[in-house]
Amino acid sequence: MHADIEKAFDLSARVAVVTGAASGIGRQAAITLAQAGALVILADIDAVGLAETAAQVRATGGKAAIRQTDVSDRDAVEALTAYAVETGGRLDVWANIAGVILTAPIVDATEAQIDRVLDINLKGTYWGCAAAARVMTAQGSGSIINISSAGADFPAPGLSIYAMSKAAVAMLTRILAHEVGPQGVRANAIAPGFIDTPMVTYRMRGPDGAIDQKMRADLLAARAQGSVLGLTGEPTDIAYAILYLACDASRFVTGQVIRPNGGVAMP
Ligand code: NAP
């Protein structure tokens, strides 16, 4: 590979916080950012999953530190930020990936269900943006990456609360880009299509709660059919987009929503 390309994608000596790092897209993002040279600070509510991700990062020669964090807890997110700066000496990348999904028809959704999804997906991302932006604007550089969803691009029955949270994340990202751009900080969002992770297994479980292989195959086939490429996504499809937004290759990109979704939505 040419040295210019290596330099543009190099994250050596950079520090990256990844929330949702215990599973799925967040785990793969942490591995990928570490493979590009970053020290990754792994944050998630799931301590066991975090330890597994750290082991996988280190197994591929990467550097990782762990901080168990509930992103819906503003003080915990502030403490995560302080831990990242204390551990790495700076803060270059913050990826807000932690999230939950819920399906409920609007007529049935409870206030507790709405609060939980908004507290994690929207307010958790908001607290992460605010905490990261404070450090990065003082530093004069940094990249904040949020996770929206293809679910925010088209109305899927049953997904109102989730889609509302992800549509709001896209607008939050644009406004943040305006507020922090003059200080050298970028903010972008990624809106994944269907990605095969633990989050989507709720659609594959039979009455006994176990994954039903026929349901799994049917769901994957149906989702692939909705893609103009005939594909479903893998966590690396999102992790590579995150890598692009994290590194200097994307120095001219801010306020954007990038859509690795197999072509299911082209707004
Ligand atoms: P995942 O495998 O379920 O990973 C999400 C992680 O976030 C889990 O480790 C989860 O822990 C953690 N988490 C939940 N609540 C948290 C909290 N309060 N504080 C900290 N961590 C918390 O899901 P994924 O598919 O990788 O999703 C990652 C992101 O991509 C999410 O924002 C999701 O909405 C978005 N996304 C996913 C898809 C898809 O098709 N998979 C498509 C579009 C967007 P627990 O497991 O303990 O809850």
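Helices, as I use the term, are DSSP runs of H or I with at least four residues, and they are numbered from the N terminus. With that convention, α2 (24-35) and α6 (160-180) each supply at least two residues of the shell around the ligand. Please keep in mind that this is a predicted model.

Let me describe the shell. It comprises 29 residues, and the closest are Ser23, Ile25, Asp44, Tyr162 and Thr197. Sorted by class, the residues around the ligand are 16 nonpolar, 9 polar and 4 charged.

Where does the ligand lie relative to the domains? Domain 1 (3-195 + 235-258) and domain 2 (198-232) both contribute residues to the shell, so the ligand lies between them.

A nitrogen atom of the ligand is 2.9 Å from a polar side-chain atom of aspartate 70. The side chain of lysine 166 places an N or O atom 2.8 Å from an oxygen atom of the ligand. For isoleucine 195, a polar backbone atom is 2.8 Å from a ligand oxygen. On its own, the ligand has 880 Å² of accessible area, of which the protein covers 88%.

Finally, asparagine 261, which is located in the segment after β7 (257-258). Is this residue buried or exposed? Its relative accessible area is 9%, under the 20% limit, and therefore asparagine 261 counts as buried. Leaving aside residues up to four places away in sequence, asparagine 261 touches Ala150, Ala191, Pro192 and Gly193. Its side chain also reaches the backbone nitrogen of glycine 263, at 2.7 Å.

How values were computed: Residues numbered from 1 in each chain as written. Predicted model: local features only at pLDDT ≥ 70, side-chain atom pairs only at ≥ 80, totals over all residues. Heavy atoms only, no water. Near = heavy atom within 4 Å. Polar contact = N/O pair within 3.5 Å; in protein donor to acceptor, adjacent residues only side chain to side chain. Areas by Shrake-Rupley, 256 points an atom, 1.4 Å probe, with all protein chains shown as cover. Nonpolar A, V, L, I, M, F, W, Y, C, P; charged D, E, K, R; others polar. Domains from an automatic or database assignment. Buried < 20%, exposed > 50% of the residue type's maximum accessible area, 1.4 Å probe, protein only. Contact = heavy atoms within 4.5 Å.
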